[in-house]
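The sequence and structure come first.

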Amino acid sequence: MSTRCSVPDCSNPARGRRWCSAHYQRWRRHGSPTAGRTPEGEPMAFLVVAARSDADECIAWPYTRDRNGRGQIWNGHKVVPACRVVCELRHGPAPSVAHEAAHNCGNGHLGCITPLHLRWATHAENMADQFTHGTIAFGENNGAARLTAADVLNIRSLFGQLSQRKIAARFNVSPETIAKIRRGETWAWLP
């Protein structure tokens, strides 16, 4: 005899944590095995109220977020960033399709939708903001980085003394990585 899900009124077989598969997945996704669907229209109503706010502190998006923590909403056709909807409601349509909703507070990754923190910006401007706020992983903070800042400074000191291939072998990277460092395509912010 198999055990049943421990959630009241559920008779499905228990899997992980004494819940059925559906309740277990709700717990993993939402933090509660009894989390349900959001009533239709509730997220958009929240955005409309938030867009009228003159609050200075961050208003966190309480609904669905992407894997980077940015708020998302279904607009009837596709999933769009919640901050973009707020920016449109408060500041009007984007100047072009290439413009993004940029955060002055640097808390877009925390789901901030405060209208006073949002503005239209190009992708380059938005990336520069992320660099300024320290919310973009670059250099040795990037999970894929194989070199440290000290390694790069050491590599630069070896230019002219060793060949690219020998430098690459010493640091266990490709010669192309060394070439990009030499050309300033990577690690360019280091002195």
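## Contacts of Ile113 and the cores

In this predicted model, Ile113 is in contact with Phe46, Leu47, Ala50, Ile59, Trp61, Ala82, Cys83, Val86 and Leu118, leaving aside its neighbours within four places in sequence. Ile113 is also one of the residues that touch the most other members of the largest nonpolar core, along with Leu47, Trp61, Ile73 and Val86. That core has 18 residues. Helix H2 (42-51), helix H3 (82-91) and strand E4 (118-121) are the elements that give two or more residues to it, and H3 supplies the largest share, 5 residues.

## Helix H3

Ala82, Cys83, Val85, Val86 and Cys87 are the buried residues of H3. Their cover includes H2 and E4, as well as strand E1 (72-74), strand E2 (79-81) and strand E3 (100-103).

## Cysteines

How many disulfides does the structure hold? The count is 0. Cys20 is in no disulfide, and the nearest cysteine sulfur, which belongs to Cys10, is 3.7 Å away; a disulfide would need the two sulfur atoms within 2.5 Å. Cys20 counts as buried because its relative accessibility is 2%, and the cut-off for buried is under 20%.

Cys112 is likewise in no disulfide, with the sulfur of Cys58 as the nearest cysteine sulfur, 3.6 Å away. Cys112 counts as buried too, because its relative accessibility is 2%.

## Overall form

The protein has 7 helices and 4 strands. Read from the N terminus, the order of elements is α-α-β-β-α-β-β-α-α-α-α. Its radius of gyration is 24 Å, well over the 16 Å that the globule rule gives for 191 residues, so the protein is more spread out than a compact globule. The C-alpha trace spans about 75 × 55 × 30 Å along the principal axes.

Of the 191 residues, 31% are buried. The accessible surface is about 12,400 Å², and carbon and sulfur atoms account for 51% of that area. Among contacts between residues at least 6 apart in sequence, 45% join residues at least 24 apart.

Technical notes:
Residues numbered from 1 in each chain as written. Predicted model: local features only at pLDDT ≥ 70, side-chain atom pairs only at ≥ 80, totals over all residues. Heavy atoms only, no water. Core = buried A, V, L, I, M, F, W, Y, C linked by side-chain atoms within 4.5 Å. Buried < 20%, exposed > 50% of the residue type's maximum accessible area, 1.4 Å probe, protein only. Contact = heavy atoms within 4.5 Å. Rg over C-alpha atoms; globule rule 2.2 N^0.38 Å. Areas by Shrake-Rupley, 256 points an atom, 1.4 Å probe, with all protein chains shown as cover.
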